Amino acid sequence: INAEYMGMDHIVELLGEAEPPLLLPALDALKPVRRACAIDIQDIKTVITQTEQSLSTLRAELGLREQEQEQEQEQGDCFTSLRPFCDQGHEALAQLCRKVEISERAVRSLAEFYGEPLVEFIPKDFFQNIASFCRQVEDTAKRQRLVG
């Protein structure tokens, strides 16, 4: 079989006829890939930055309110109960930042693996191509189920 001349229909047909079946596991495996391709790391970093700024503002406000609370003991415990939330939020964001850094290193490795110049490599464009491929496989598989 000359894969150079095979279209998506032929590839999906061969995968569908294989023993053991290869098409359904392949389609299931592509679903999270397609969803992941829609997420841009820059968008995640922007949200992280905005959340960090919000938590910093909250931490500063809590500090002021705690000072006021010390001065006026009758205010109650509502502000002190927010302190653990704020601290946990900062820790969760720090973990997320570490994961984003790992993801960025993985994307750079992916670019190098495919011979893409890092200066010109745009992850969003690269992953849109993968998402498009996943969509083509899914659409072709659906078409073949209806036709054959």
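**Pockets of the predicted model**

**View 1. The largest pocket and its volume.** About 340 Å³ of space lies in the largest pocket, where a pocket is an open set of points on a 1 Å grid over the protein atoms alone, at which a 1.4 Å probe fits, with protein on both sides within 12 Å along at least five of seven lines. The volume is the space filled by probe spheres set on the points, which are joined across faces, edges and corners. Of the 16 lining residues (those with an atom within 4 Å of a point), Ala36, Cys37, Ile39, Ile41 and Phe127 are the closest to the centre of the largest pocket. This is a predicted model, in which local features need pLDDT of at least 70 and side-chain atom pairs count only at pLDDT 80 or more, while totals for chains, interfaces and linings use all residues. Residues are numbered from 1 along each chain as its sequence is written, and side-chain values use heavy atoms, with hydrogens and water left out.

**View 2. Helices around the largest pocket.** At least two lining residues come from each of α2 (23-37), α3 (41-71), α4 (78-113) and α5 (123-147), helices being DSSP runs of H or I with at least four residues, numbered from the N terminus. The largest share, five residues, belongs to α5. By class, the lining holds 12 nonpolar, two polar and two charged residues.

**View 3. The second largest pocket.** About 210 Å³ of space lies in this pocket, and its lining includes Asp40, Glu104, Arg108, Phe121 and Lys124. Two or more lining residues are given by each of α3, α4 and α5, with α4 giving the most, four residues. The lining has seven nonpolar, one polar and four charged residues.

Key: Ala, Val, Leu, Ile, Met, Phe, Trp, Tyr, Cys and Pro count as nonpolar, Asp, Glu, Lys and Arg as charged, and the others, Gly among them, as polar.
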